[in-house]
Amino acid sequence: MKNRSLLVLCIFLLNGLGCSLAPNNFGTDGGSARFSRRSRGPDFVTLAKQLQPAVVNVSVTMLPVPPSMRGVQPQGSFSDGTFSEFFGLPPTAPSLPQRQQGSGFIIGSNGIILTNAHVVAGAKKIMVKLGDKRELEARVIGEDAPTDVALLKIDVRDSLPTIRLGDSDNLEVGEWVMAVGTPFGLDNSVSSGIVSGKGRHIGESYDRLIQTDAPLNPGSSGGPLINLNGQVVGINKAIVSETGGSIGISFATPINLIKEILPQLQSKGRVTRGWAGISIQELNSALAETLGLDKPIGALVAGLAKDGPADRGGIKLGDVILEYDGMPVIDALDLPLWIARTPIAKRVGVKIQRDGEAMSLNLTVAELPQTQLRVGNQIG
């Protein structure tokens, strides 16, 4: 058996949790659980009763694996076959339709469901199982790979239960949270923990994730992370694990980031983002000193798209971006998200340092090419 001492980042593809990221015009008041007088602790009993009906199971039939891809592990997956064995797949996949499960949550009473994009990626057929045991076919109406979010729609005549969205910006480290979903296909499972950290980056450009110690396992993808007011504050996305099981380090995408893009997903099925045509590198103390900076702040330009917005604006490799559109770049990892949020064709001011000298430049933000969109950092 190979040494598995290194932590493996697992983004769940199977049996995801049901997540409720309803926009402001969706959902019902989830109520306030806060603390139970009987237990003098968080009243997860009330929360579970209120929210479980809005969580659904998502069952996906995948397209057959091409002969050329049989036995090929996805990039970043377990190299010794553990990934296949763990999820019940043979080391060499046959050219038959594959199945996987995930979860989602209802954000529109008319049958609009939110889940992770990787749960339904490559799906040939998607079936949704409601809390009342009805099983209905779903279709994808919106998808965004960079934030790993997908919107599904099922056709119903009745009004379905929903979950209310909260404000993830107000979430505090140490605050109690609860996760709901279907790990390993176990319907309506709940787990609880606290917020362990905020603003975590695990490799994707738009990562600013919530870290929790709520136990999550394969199947928890797409599930809601809920505060004690019964509001969704995040959508569960990934864990860090040596074995594929929970060790108490889990990540969720902040709900406010998802709320920003929901209108576009609903209206046109995709998200339009700003693009500057640069790749950046964080600075450490040694590199900052070499570049003549007093502190390791700013973003080092490590890559430049030929004839892209930054290139046309005069930015060069090795420049350090100190300010973008009036905002100081304290943490380099904030810059990609700021650029993505910038309206297309907006002219923005950029302050840089080059060869020890500060200067001001301007660039006109373009639309991020669709060829650069991907679901990254996932296993499987």
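Thr212 is buried, at a relative accessible area of 2%. This holds for a predicted model. The residue sits in strand β13, which covers residues 209-212. Its burial follows from the cut-off: buried means under 20% relative accessible area, and Thr212 has 2%, so it qualifies.

The side chain of Thr212 makes a polar contact with the backbone. It reaches the backbone nitrogen of Ala214 at 3.3 Å. Beyond its neighbours within four places in sequence, Thr212 is in contact with Val177, Ile194, Val195, Ser196, Leu225, Gly248, Ile249 and Ser250.

Which residues of β13 point the same way as Thr212? Ile210 does, while Leu209 and Gln211 point the other way. All four are buried. In general, side chains of a regular strand alternate between the two faces of the sheet.

β13 pairs with two strands named here, β12 and β16. Strand β12 spans residues 189-200 and pairs with β13 in the antiparallel sense, over 3 bridges. In that pairing, Arg200 stands opposite Leu209. Strand β16 spans residues 250-254 and is likewise antiparallel to β13, again over 3 bridges. There, Gln211 has Phe251 as its bridge partner.

## The six-strand barrel

Elsewhere, 6 strands form a closed barrel. The order is β4-β5-β6-β9-β8-β7, and the pairing is antiparallel. On average, neighbouring strands of this sheet are turned by 40° against each other, direction ignored. As a rule, strands of a sheet pair through backbone hydrogen bonds.

Several pairings can be followed residue by residue. Strand β4 (residues 55-62) and strand β7 (residues 123-129) are joined by 6 bridges and run antiparallel. Val60 has Ile126 in β7 as its bridge partner. β7 also pairs with strand β8 (residues 135-144), in the antiparallel sense, over 4 bridges. The hairpin of β7 and β8 has 5 residues between the strands. Lys133 in this hairpin takes a positive phi near 80°. Strand β6 (residues 112-115) is joined to strand β9 (residues 149-153) by 4 bridges, also antiparallel. Ile112 stands opposite Lys153 in β9.

## Salt bridges

How many salt bridges does the structure hold? There are 12. One of them links Lys153 and Asp155, with N to O at 3.6 Å. Lys153 counts as buried because its relative accessibility is 14%, whereas Asp155 is exposed at 55%.

Another salt bridge joins Glu367 and Arg270, at 3.4 Å from N to O. Glu367 lies in strand β24 (residues 366-367), and Arg270 lies in the loop between α4 (255-268) and β17 (274-275), so the pair ties together parts that are 97 residues apart in sequence. Both ends are partly exposed: Glu367 at 34% relative accessibility and Arg270 at 33%.

Salt bridges with shared partners also build a network of Asp132, Arg134 and Asp158. Within it, Arg134 forms a salt bridge with Asp132, and the closest N and O atoms are 2.9 Å apart. Arg134 counts as partly exposed, at 30% relative accessibility. Asp132 is also partly exposed, at 45%.

## The largest nonpolar core

The largest nonpolar core has 25 residues. Which of them touch the most other members? These are Ile107, Leu114, Leu151, Met178, Ile258, Leu262 and Leu265.

The elements that give two or more residues to this core are α1 (44-51), β5 (99-108), β6, β9, β11 (176-181), β15 (231-241) and α4. α4 gives the most, with 5 residues. β5, β6 and β9 are also barrel strands, and each gives two or more residues to the core.

Definitions and conventions
Residues are numbered from 1 along each chain as its sequence is written. This is a predicted model: local features need pLDDT of at least 70, side-chain atom pairs count only at pLDDT 80 or more; totals for chains, interfaces and linings use all residues. Side-chain values use heavy atoms; hydrogens and water are left out. Two strands pair if DSSP finds at least two bridges between them. Axes are lines fitted to C-alpha atoms, for helices over the stretch in contact, and angles run from 0 to 180 degrees between N-to-C directions. A salt bridge is a side-chain nitrogen of Lys or Arg within 4 Å of a carboxyl oxygen of Asp or Glu. Buried means under 20% relative accessible area, exposed over 50%, partly exposed in between (1.4 Å probe, protein chains only). A polar contact is a pair of N or O atoms within 3.5 Å; within protein, one must be able to donate a hydrogen and the other to accept it, and residues adjacent in sequence count only if both atoms are side-chain atoms. Contact means heavy atoms within 4.5 Å. A nonpolar core is a set of buried Ala, Val, Leu, Ile, Met, Phe, Trp, Tyr and Cys residues joined through side-chain atoms within 4.5 Å.
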